[in-house]
Amino acid sequence: MAKNRNDVLQGTLGMLVLKTLALHERLHGYGLTLEIQRASADLLRVEEGSLYPALHRMEQAGWVKAEWGTTEKNRQARFYRLTAAGRRQLATEQASWARLTEGVRLVLEQA
Amino acid sequence: MSWARRLLNLVRDDRLSRELDRELAFHIAERADELRASGMSAEEAEREARRRLGNYALQKERTREVDVLVWLDTVRADLRYAWRALRASPGFALVAVLSLALGIGANTAIFTLIDAVMLRSLPVRAPEELVQVTLGERGDAFTNPLWEELRDRQNFFAGVAAYGDVQFNLAAGGEARRVRGSWVSGDFFSMLGVQPLVGRLIGVRDDHRGCPAIAVLGAGFWRSEYGSAREVVGRTILLEGKPFEVAGVVDPSFTGVTVGSETAVYAPLCAEAVVATRSSLDMRSRWWLQVLGRPQPGLELAALNARLSAIAPAAYAATLPDEYPADSRAEYLAGTFDAEPAPAGVSALRAQYSGALKVLMGVVAVVLLIACANVANLLLARSTTRQREIAVRLAIGAGRRRIVRQLLTESLLLALVSSVVGIAIAWWGSRALVSLIATQPNSIALDLSLDARVLGFTLVIATLAAVFFGLAPAWRAGRVEPVRTLHASGRGIVAGYTRISTGKLLVAGQIALSLALVIGAGLMLATFRTLSTMDPGFEQQGVLLVNVTRAQQPAAETDEAAAEQLTRERMTYTTLLERLRVLPGAAAASAAQLTPISRVAWNNVIRTEGFNVADPRDALSFINEVTDQYFATLGTPLLAGRDFDARDQPGSPRVAIVNEAMARKYFGSVDALGRVFRLGEDPAPYQVIGVVGNSRYRTLREETVPIAYIARSQSAESVSNLTFAVRSAGAPESLIPAIRQLTAEVEPSMSIQFTSLREQVARSLIRERLLAVLSGVFGALALALAVIGLYGTMAFNVARRRNEIGIRIALGSERAAVIRMVLAEAGWLLAIGLIAGTGIALAGTRTVSGFLYGLEPNDPVTIAGAALLFAIVGVAAAGVPAWRASQVDPIEALRAE
């Protein structure tokens with residue numbers, strides 16, 4: 001596998017999932033991987049092995065809700081949607097992410 | 001994912017696993033589609049998709065672990081915290097666990113009985129297929145000819161069998177040794193699917209007229225009687241004095257189809273002819289058999305009943321009793337067969353006790369409710385003191401839901417600990433209950449083991465209880481506001497003291513429910529007291545009943561031989577009676593076919609001049625055949641005329657003594673001397689020579705019934721069984737050894753059985769005693785719980801208002817006024833509780849009116865008495881905190897700020 005694509009940074013997967021779900025009414029796991037890949041212009045790639053444990057952890061925390069539904073291809077899939085708590089969580093994580101990147105930028109850009 | 005769902009996941013691992021499988025399978029399929037579109041072969045695409053997802057099994061495991069482990073971890077933390085919290089206040093924990101354990105234990109004990117008596121299926125093959133065939137409105141007992149017709153006319157049963165329960169006498173003579181037995185038809189065991197443990201069972205080949213006498217033993221009897229010796233097969237056992245060859249032993253799991261009793265000996269139906277003086281096999285009006293069947297596979301109950309209806313007319317027509325009068329014949333021919341599901345077998349015990357058990361189940365449910373209210377109150381009081389702790393936890397970042405969950409976990413832990421104690425109480429309690437309803441000759445064999453259903457029941461009620469008593473405190477904790485609470489805790493005056501609090505409502509509710517129970521208990525106790533102290537028309541103390549059965553005589557070939565046998569029989573009975581009369585310690589003695597309150601009845605149509613009824617059933621009177629001095633022995637007063645005496649011989653004019661009710665009903669007045677009546681179709685008249693007082697005949701509950709007594713001395717019929725009544729100056733049981741010896745001297749082959757009249761009467765009141773004792777115990781428990789609740793609430797309120805009371809006293813309020821204030825508060829709670837409780841009682845006791853005797857369910861004396869009891873005990877319970885309030889030292893109370 002070529003190394004030109006970055007796997008999603010540890011700890012940011014949750015935030016990416018929340019953000020992606022915030023832009024869609026509902027998505028299944030596979031759709032999430034496609035959407036994240038597309039939105040990052042193929043720069044990011046979700047490690048599929050960690051996606052489902054992460055989704056279940058978030059479901060348990062009450063940030064996402066899951067339900068079974070049918071895809072266009074008439075397959076049964078588990079769809080996730082964002083909850084109000086998830087929206088709040090996204091705001092918190094985005095804020096701390098902004099602080100973190102700002103901090104990192106300042107450190108890296110000092111003359 | 002919800003809390004409950006996660007619990008379900010933990011238990012039903014595979015379901016969660018299946019969901020994950022589906023979710024991941026979808027992912028793989030989608031990815032494979034994509035890869036195929038980019039030119040991979042289907043196989044390659046699938047492999048690559050799987051590879052990208054990583055180790056499939058590990059993936060599943062990891063995803064699930066997240067769910068289960070996180071959950072388990074918090075549960076463990078919650079439980080540990082709850083355990084510490086309970087240990088921190090052992091007094092609270094002890095009271096809470098004890099009251100809950102009593103409530104849960106009582107529920108489990110009663111449910112164990114209900115399970116054993118009413119719910120449990122027979123331990124046979126496919127019990128759910130079993131049906132009982134009954135005669136519709138005529139009851140469930142068949143005659144043998146009718147059973148044989150049913151057996152031979154049907155082809156829609158895979159198996160159908162009849163059985164008749166009896167008590168076999170094992171003794172060769174002298175005092176009888178009776179064990180439970182069953183006459184069973186040939187396919188009884190094969191239909192049920194029961195296997196032999198040793199030897200063989202009774203089969204179809206064993207059941208034919210004139211069959212050899214064989215017997216199959218119940219495993220319990222085989223163990224106790226033969227020490228489980230396998231060589232028992234081929235040996236001989238005496239049943240009613242006749243030798244039966246033992247063919248085998250039944251598997252221990254099967255104790256018979258009659259729940260509540262363990263059958264000791266089974267013998268083929270046809271062998272009844274071997275032991276009976278007059279065999280019942282061809283008797284068309286002796287109803288003694290029950291019928292169980294297993295329908296052909298696929299035959300629904302409705303279809304089965306249609307088939308049964310189709311064969312009924314012919315079966316009844318073929319078995320019409322010759323002696324029936326015309327109107328009874330028509331009724332007989334209209335008879336039906338009915339099948340109803342009988343997966344739990346057939347049980348007289350069930351018929352007798354299921355109503356009482358349902359009432360008790362309701363009672364213990366209410367007791368548990370009261371116990372829950374008590375614990376809820378304790379928890380509420382505690383949550384007030386724990387508010388600071390909760391506020392601290394909230395302040396350092398705990399979620400409210402987490403705190404509520406923590407408190408509910410505490411409640412659940414409390415309920416679980418209580419149910420363990422409760423199960424121990426139930427184990428002991430259900431056995432005590434059975435011994436309360438068991439009587440000497442009729443021991444009760446019930447399987448009281450704790451099966452999954454009983455444990456499940458306990459678990460469910462414990463959980464419900466925890467939710468019930470845990471909800472209010474948890475809800476309150478969820479509303480704690482940390483800043484205010486932490487601030488307020490420094491101050492002495494408690495914010496938010498309200499006149500109507502949850503705690504007070506709970507106490508009023510407790511008082512209401514327990515008053516209803518106490519009223520119910522009062523009604524049951526009064527019923528039992530009325531029945532056990534009533535004058536039944538005879539004096540039950542000091543009378544020993546000696547039931548005598550003569551060995552079967554060989555059939556007489558000639559009339560002379562028959563006459564001689566009858567003379568010998570009369571001689572035997574007369575000699576016995578005379579010797580009983582001169583027995584030291586015996587004040588009087590007599591004999592009778594039936595004795596009072598033995599649940600056996602003999603009735604017939606009375607025909608008199610001037611007494612005509614439309615329905616012959618209205619002309620029925622009870623009959624008994626007695627010797628002279630019968631009334632003197634039993635203590636029934638002779639109101640007019642004379643007793644039977646030596647003048648009344650077989651050849652002399654037939655005479656009778658009637659009771660007052662009979663005289664009034666058939667002759668219009670007590671003065672019936674000299675009047676004449678006939679019995680049934682018998683043309684020979686009886687002349688009334690005496691009138692005696694009314695007495696109870698079959699049960700104590702029955703109304704005054706007409707009874708006609710005819711003279712044993714005038715009877716020309718042979719009776720193999722007669723009951724002697726002996727009035728003793730001392731304890732009736734003290735006469736037993738002498739009588740045992742005496743009967744052996746008169747006729748050694750005679751078998752005898754002793755019981756006292758008092759015992760016989762007491763046996764008829766077992767259900768009433770059971771209800772009285774248990775509702776009394778539970779009523780007392782409910783009262784105690786309610787009083788503890790009231791005391792606790794008042795004491796707690798007084799403690800909370802210490803500052804306020806201190807200020808009142810400091811400002812000049814008199815101590816008496818303080819007492820009045822606290823008592824008034826308690827008085828309100830009591831008044832509300834008592835009014836509501838009376839309402840509940842009025843509605844509730846109506847459902848038990850069938851169990852009452854001698855008073856109405858809304859008996860004002862009982863209700864007023866119970867309310868008064870509550871008022872006294874309640875005021876006493878509130879008096880202690882009230883007095884304590886009056887002793888508050890204002891300076892100290894204010895200094896404690």
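Helices (at least four residues) and strands (at least two) are DSSP runs, numbered from the N terminus. The model discussed here is predicted.

Q: What pattern of helices and strands does chain A follow along the sequence?
A: The secondary structure of chain A comprises four helices and five strands. Read along the sequence, these elements give the pattern β-α-β-α-β-α-β-β-α.

Q: Which residues of chain A have a pLDDT under 50?
A: Over chain A the average pLDDT is 84, and 89% of the residues score at least 70. Where pLDDT is low, the predicted coordinates should not be read in detail. In chain A one stretch stays under 50, and the model has three contacts for this stretch beyond four places in sequence. The stretch is residues 1-5.

Q: What share of the residues in chain B is buried?
A: A residue counts as buried if 20 or more other C-beta atoms lie within 10 Å of its own. In chain A, buried residues make up 28% of 111 residues. For the 897 residues of chain B, the share is 39%.

Q: In chain B, what percentage of the contacts with a separation of 6 or more is between residues 24 or more positions apart?
A: Two residues are in contact if their C-beta atoms lie within 7 Å. In chain A, among contacts between residues at least 6 apart in sequence, 52% join residues at least 24 apart. In chain B, residues 24 or more positions apart account for 83%.

Q: What is the radius of gyration of chain B?
A: Chain B has 27 helices and 22 strands. Along its principal axes, the C-alpha trace of chain B spans about 110 × 100 × 55 Å. A compact globule of 897 residues would have a radius of gyration near 29 Å, but for chain B the value is 37 Å.

Q: Which residue is the bridge partner of Arg607(B) in strand 18 of chain B?
A: Strand 14 of chain B covers residues 603-607, and strand 18 of chain B covers residues 676-679. These two strands pair in the antiparallel sense over two bridges. In strand 18 of chain B, the partner of Arg607(B) is Arg678(B).

Q: Which residue in the turn of the hairpin formed by strand 18 and strand 19 of chain B has a positive phi?
A: Strand 18 of chain B is joined by two bridges to strand 19 (residues 686-692) of chain B, and the two run antiparallel. Within this pairing, Val676(B) stands opposite Gln687(B) in strand 19 of chain B. Six residues lie between the two strands of the hairpin. The residue in the turn with a positive phi, about 55 degrees, is Gly680(B).

Technical notes: Residues numbered from 1 in each chain as written. Chains lettered and ligands numbered in written order. Predicted model: local features only at pLDDT ≥ 70, side-chain atom pairs only at ≥ 80, totals over all residues. pLDDT = per-residue confidence, 0-100. Buried ≥ 20, exposed ≤ 12 C-beta atoms within 10 Å, placed from the backbone. Pairing = 2+ DSSP bridges. Rg over C-alpha atoms; globule rule 2.2 N^0.38 Å.
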